[in-house]
Amino acid sequence: MWVDGWGHLPGQLIVVSGPSGCGKSTVIDRALANPRTSAQLSVSSTTRAPRAGEQDGVNYHFVPDEHFRAAIERGEFLEHAEYNGNLYGTPAEPVYRALSDGKCVLLEIEVKGAMQVREHAPGALFVFIKAPTFAALEQRLRARGSEIEASLLRRLRIARSELDKAHCYDIILVNDDLDRCVEEFTTLLISYGCGG
Ligand code: 5GP
């Protein structure tokens with residue numbers, strides 16, 4: 001019910017993807033903390049268990065599988081996808097409302113979901129953030145230490161297939177120097193009307 005014809009809304013939608021471990025959350029958080037930008041980060045729903053320090057309603061809405069599937073049936077997600085054995089989705093209503101109010105909204109989502117958003121919101125900007133090399137990505141993911149080995153290997157496998165889709169995005173940023181990548185992303189946000 002929420003997903004048709006988002007092209008006419010006055011706000012700017014920015015979709016950011018990138019393999020797990022590429023540093024995209026850090027880049028986004030730092031760019032949004034900059035007073036030169038003004039954008040709302042969408043809070044996704046997921047069936048994944050919270051990691052240490054993650055808060056319900058802040059990092060994600062952590063929901064049981066059956067709740068998530070019922071929300072899909074009710075058409076409540078702008079997009080949703082399965083990732084590493086869990087479901088993730090963007091609740092459509094808050095994004096729709098913010099865009100209707102002319103605000104800038106940022107979605108940090110994986111590639112399959114991003115491709116669904118492209119169908120509904122042709123005016124969105126699609127940004128892909130990648131680590132300089134695959135070895136650097138693996139190193140960062142291991143340093144994070146939040147995964148058991150099997151899950152980490154699955155994330156690396158998914159990362160390879162996500163990197164194959166980078167060409168579908170409007171802009172690719174390489175996170176080889178965090179400060180520079182944050183500055184590039186900040187400048188991009190401002191140039192797309194997400195200035196503070
Ligand atoms: P993590 O489990 O590391 O928090 O997230 C795993 C992947 O799911 C990341 O690539 C993240 O960007 C993506 N993700 C987070 N929220 C959503 C969402 O609402 N929809 C989709 N399709 N992917 C999401």
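## A strand pair in the mixed sheet

Y83 has N86 as its bridge partner in β6. Strand β6 (residues 86-91) is joined to β5 by 6 bridges, and the two run antiparallel. This is a predicted model, in which local features need pLDDT of at least 70 and side-chain atom pairs count only at pLDDT 80 or more, while totals for chains, interfaces and linings use all residues. Residues are numbered from 1 along each chain as its sequence is written, and side-chain values use heavy atoms, with hydrogens and water left out.

The sheet that holds this pair is open and has 4 strands in the order β4-β3-β6-β5, with mixed pairing. Its edges are β4 (61-62) and β5 (77-83); each has a single partner strand, so one side of each lacks a neighbour in the sheet. Two strands pair if DSSP finds at least two bridges between them. Helix α3 (residues 92-100) lies across β5 and β6 and runs at about 30 degrees to β6. Axes are lines fitted to C-alpha atoms, for helices over the stretch in contact, and angles run from 0 to 180 degrees between N-to-C directions.

## The chain as a whole

The chain has 7 helices and 9 strands. Helices (H or I, at least four residues) and strands (E, at least two) are DSSP runs, numbered from the N terminus. The radius of gyration is 16 Å, close to the 16 Å that the globule rule gives for 196 residues, so the chain is as compact as a globular protein of that length. That radius is taken over C-alpha atoms, and the rule is 2.2 Å times the number of residues to the power 0.38. Along its principal axes the C-alpha trace spans about 45 × 40 × 30 Å.

## The parallel sheet

A second open sheet is formed by 5 strands in the order β2-β7-β1-β8-β9, with parallel pairing. At its edges stand β2 (40-41) and β9 (171-174), each with a single partner strand, so one side of each is left without a neighbour in the sheet.

Strand β8 (residues 125-130) runs parallel to β9 and is joined to it by 4 bridges. In β9, I171 is the bridge partner of V127. Helix α7 packs on this sheet, touching β1 (12-17), β7 (104-108), β8 and β9, and its direction makes about 155 degrees with that of β9. Contact means heavy atoms within 4.5 Å.

## Helix packing

Helix α1 (residues 24-33) packs against helix α7 (residues 178-191) at an angle of about 55 degrees, with the axes 9 Å apart. The two are therefore oblique to each other, a class for angles left over when those under 35 degrees count as roughly parallel, over 145 as roughly antiparallel and 65 to 115 as roughly perpendicular. Residues of α1 in the contact include V27, I28 and L32, and those of α7 include V182, F185 and L189.

The axes of helix α5 (residues 134-144) and helix α6 (residues 149-163) come within 11 Å and cross at roughly 145 degrees. Among the residues making the contact are L137 and L141 of α5, and L152 and L156 of α6.
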